[in-house]
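Biologist: I am new to this structure. Could you walk me through it?

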Amino acid sequence: MTRKHPPPAHRHRWMRSMLLALPLLSLPLLYAALGTARSSSSSSSPPPPLAARLGRQQQPLLPPPRLAYLISGGPGDGPRIRRLLRALYHPWNYYLVGVTGEEERADLEAFVRGEEAPRRYGNVRVAAPGEWAAVSRRGPTELAATLHGAALLLKEFEGWSWFINLSASDYPLMPQDDILHIFSYLPRDLNFIDHTSNIGWREQQRARPIIVDPALQISNKTEVVTTKEKRSLPSAFKIFVGSSWVILSRSFLEFCILGWDNLPRTLLMYFANFLSSSEGYFHTVICNSKYYQNTTVNSDVRFMAWDNPPRTHPANLTTEYFDAMANSGLPFAHSFTDDNPVLDMIDAKLLRRAPDHFTPGGWCLGSTVGDKDPCTFFGRSFVLRPTSGSGKLEKLLLKLLEPDNFRPKQCI
């Protein structure tokens, strides 16, 4: 009979150490497993057509793209921008707020300092008084402010892929998780910009007049002055016009701002004497550049309602437009009056956001019990939890990228 000897004492000590260490070892493993499951479940790919159309794999490469927002407003817009920031905020993105008025600026700075997530991530910045001034809506100072805001975003925040300009009268129609999830499948050089070379009535009313924008030199003067003289249309380049609301790639903005090619600089001097130059500058630069004219998607991806016949500006959106907005698949809408009831409908039904809370997403780990904001406790910023509404954005992009829509509508 073979006698079994008891294990040596050092083996007892080794086994005892392993048993004591197992709980400690299991914690990071469990966290990693949960994190992996959370990431994979929250970033599940959309239906195959978008990835197939773009010739991409079903699962996008992590991390998702970052978005850089420029939010602008004037005196009295502080509360509207505060609400807009709560609806738009995501720790993965960057936000620059430009607002005129000391009271509004101080209020928004206090808001950013008082919220845990923006303070922790440092991704929201309110432009200082010397960085943002009053602009003329129809003059080149509005364009100058947009370029300045984009330059500040390029300087202070790294790694973002797209620039999006919004005003205090705009509002999102879907959570940021939906936008980031679907944009993960897009080439990072695409530029969403509504444009046309058929300038029509704009030739006589915007291109030919000679103007002076007093806001360039007088801080409290924002009405553009026109003269009786007219100028001819240029022959060195072709004018394009369209919506002033854009989603532009980082690469294209670097092309416009860093000035390694002379075209953006030349056109900037021309559009300094162009009424509503923000509705023509980027459009003309991109369509006259051999580097970027094939990157355009002819849409501003904003929901707008126009009167019949259309006026200079779109109609203010109300509850009667809610169903159309919800079914459009568009990520943003313009424009809303202050605290219109339709904003409450968007918060409740599309963003799932409670009053004075952030729009919840995959980064929010807190509980909603007791009307608590789930985003007061947060995890990893790149984790996404898209909603079913992301499929509407995907469907819209599929339509925009169809062969009959994409190339034939570029710079025409």
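Biologist: How many helices and strands does the chain have?
Modeller: The model is predicted, so keep that in mind. The chain has 412 residues, and 51% of them count as buried. Its secondary structure comes to 14 helices and 14 strands.

Biologist: What share of the contacts between residues at least 6 apart in sequence join residues at least 24 apart?
Modeller: Contact here means heavy atoms within 4.5 Å. Take the contacts in the chain between residues at least 6 apart in sequence. The share joining residues at least 24 apart is 76%.

Biologist: How far apart are the end C-alpha atoms of helix 6?
Modeller: Helix 6 covers residues 140–156, which is 17 residues. At 1.5 Å a residue, helix 6 should span 24 Å. The model agrees, with its end C-alpha atoms apart by 24 Å.

Biologist: How many residues of helix 6 are buried?
Modeller: A residue is buried under 20% relative accessible area. In helix 6 that takes in Pro140, Thr141, Glu142 and Leu143, among others. Helix 6 is largely enclosed by the rest of the structure, because the buried residues number twelve of the 17.

Biologist: Which helices and strands do the buried residues of helix 9 pack against?
Modeller: The buried residues of helix 9 are Arg250, Phe252, Leu253, Phe255 and Cys256. Their strand partners are strand 4 (160–167), strand 6 (191–192) and strand 11 (247–249). Their helix partners are helix 6, helix 10 and helix 11 (281–287).

Biologist: Which residues make the nonpolar surface patch of about 380 Å²?
Modeller: Start just after helix 9, where Gly259 takes a positive phi of about 75°. Trp260 sits in the loop between helix 9 (250–258) and helix 10 (263–271). Trp260 belongs to the patch, whose members are Leu258, Trp260 and Tyr291.

Biologist: Is Thr196 buried, exposed or partly exposed?
Modeller: Thr196 is in strand 7 (residues 195–196). Its relative accessibility is 27%. Buried needs under 20% and exposed needs over 50%. Thr196 therefore counts as partly exposed.

Biologist: How far apart in space are Thr196 and His283?
Modeller: In sequence, Thr196 and His283 are 87 residues apart. In space, C-alpha to C-alpha, the distance is 8.1 Å.

Technical notes
Residues are numbered from 1 along each chain as its sequence is written. This is a predicted model: local features need pLDDT of at least 70, side-chain atom pairs count only at pLDDT 80 or more; totals for chains, interfaces and linings use all residues. Side-chain values use heavy atoms; hydrogens and water are left out. Helices (H or I, at least four residues) and strands (E, at least two) are DSSP runs, numbered from the N terminus. The expected span of a helix is 1.5 Å times one less than its number of residues. Buried means under 20% relative accessible area, exposed over 50%, partly exposed in between (1.4 Å probe, protein chains only). Patches are made of residues with over 30% relative accessible area and no salt bridge: like charges are joined within 9 Å, nonpolar side chains (Val, Leu, Ile, Met, Phe, Trp, Tyr) within 5 Å. Accessible areas come from the Shrake-Rupley method with a 1.4 Å probe; for residues, only the protein chains shown count as cover. A salt bridge is a side-chain nitrogen of Lys or Arg within 4 Å of a carboxyl oxygen of Asp or Glu.
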